[in-house]
Amino acid sequence: MSIISFKGFSYVGKFVKVPIVQCFLARNASIKNQVQDVDVVTTTAEKTLSEEEVKAICDKSRLNHGHRNMVNGRLPYDKPVHRYHNTVKYKRKMYGRYGEASNVSPGLAWPTAEDLEDIREYESLAYPLTIQEMQKNALELIESERQEIQTNQQRIDDNMKKLNGWLKEVKEKSAKKLFEAQQAKEKKEKLIEEVKKHFGYKIDPKDDRFKEMLVKREKEEKKKVREEKKKVREEKLLNYLDSKTK
């Protein structure tokens, strides 16, 4: 039986002197180990552990064997453990990651005849055109886009040339509307003056008699304009008939 005291803690039990030193050396191989405040009392048994046993004692990661190997850059398992370890996909993955250390034949990475047939069928459906046909279609698309851009640019240039003419037309239409509005206003004022003269005395424009007389004079004015237009049309028709008879 052994009694160990370490930094204020005590332990009673069997103790092997050599493995303690081996464990510290294995965990800190590149660092000088210092064991302080350790009092070892005489033991009833002495035993030297193997390297594997020392590693097992010193491993505090709590990782399983496969995960610990992966962390250390080694093959997870030396032999298949799970069902999917026998699949081609898994073996290809192991060979791609660990190379020859995976104990997988490199030929397994090459697709089988069935895989090649599936790949050809997929490509025939996903990419039915050949490279030459795809190149031709791409060039035609580029040419079509170029022609469209050129057409749009030509249309813009033509419109810019017509811009001054359009601005002139807008100004003429605006001036015409202003002139017509001014004429209508003057005509309205003239009718109002005529209605005032008709009564012979000053009358309120809001009076019903004034409003009735104003509407009457407006109708007479419109009738007069229609008759003038009709007369002009008749004269044009007579002139046209005279030119035909001659």
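Is R92 buried, partly exposed or exposed? R92 is partly exposed, with a relative accessible area of 31%, where buried means under 20%, exposed over 50% and partly exposed in between, using a 1.4 Å probe and protein chains only.

## Basis of the model

This is a predicted model, in which local features need pLDDT of at least 70 and side-chain atom pairs count only at pLDDT 80 or more, while totals for chains, interfaces and linings use all residues. Residues are numbered from 1 along each chain as its sequence is written, and side-chain values use heavy atoms, with hydrogens and water left out.

## Salt bridges

Side chains of opposite charge can pair when their charged atoms come close. The structure holds three salt bridges, each defined as a side-chain nitrogen of Lys or Arg within 4 Å of a carboxyl oxygen of Asp or Glu. In one of them D115 pairs with R92, with the closest N and O atoms 3.8 Å apart. This pair links distant parts of the chain, since D115 lies in helix α5 (residues 113-126) and R92 in helix α4 (residues 88-98), 23 residues apart; helices here are DSSP runs of H or I with at least four residues, numbered from the N terminus. Like R92, which has 31%, D115 is partly exposed, at a relative accessible area of 27%.

Helix α5 also holds the pair R120 and E117, which are separated by about one helical turn because they are three residues apart. The closest N and O atoms of their salt bridge are 3.8 Å apart, and E117 is partly exposed at 46% relative accessibility. In helix α6, R146 and E143 are likewise three residues apart, and therefore about one helical turn, and their closest N and O atoms are 2.5 Å apart. R146 is partly exposed at 44%, as is E143 at 31%.

The axes of α6 and helix α7 (residues 208-245) come within 10 Å and cross at roughly 125 degrees. That angle makes α6 oblique to α7, because angles under 35 degrees count as roughly parallel, over 145 as roughly antiparallel, 65 to 115 as roughly perpendicular and the rest as oblique.

How values were computed: Axes fitted to C-alpha atoms, helices over the stretch in contact; angles between N-to-C directions. Helix = DSSP H or I, 4+ residues; strand = E, 2+ residues; numbered from the N terminus.
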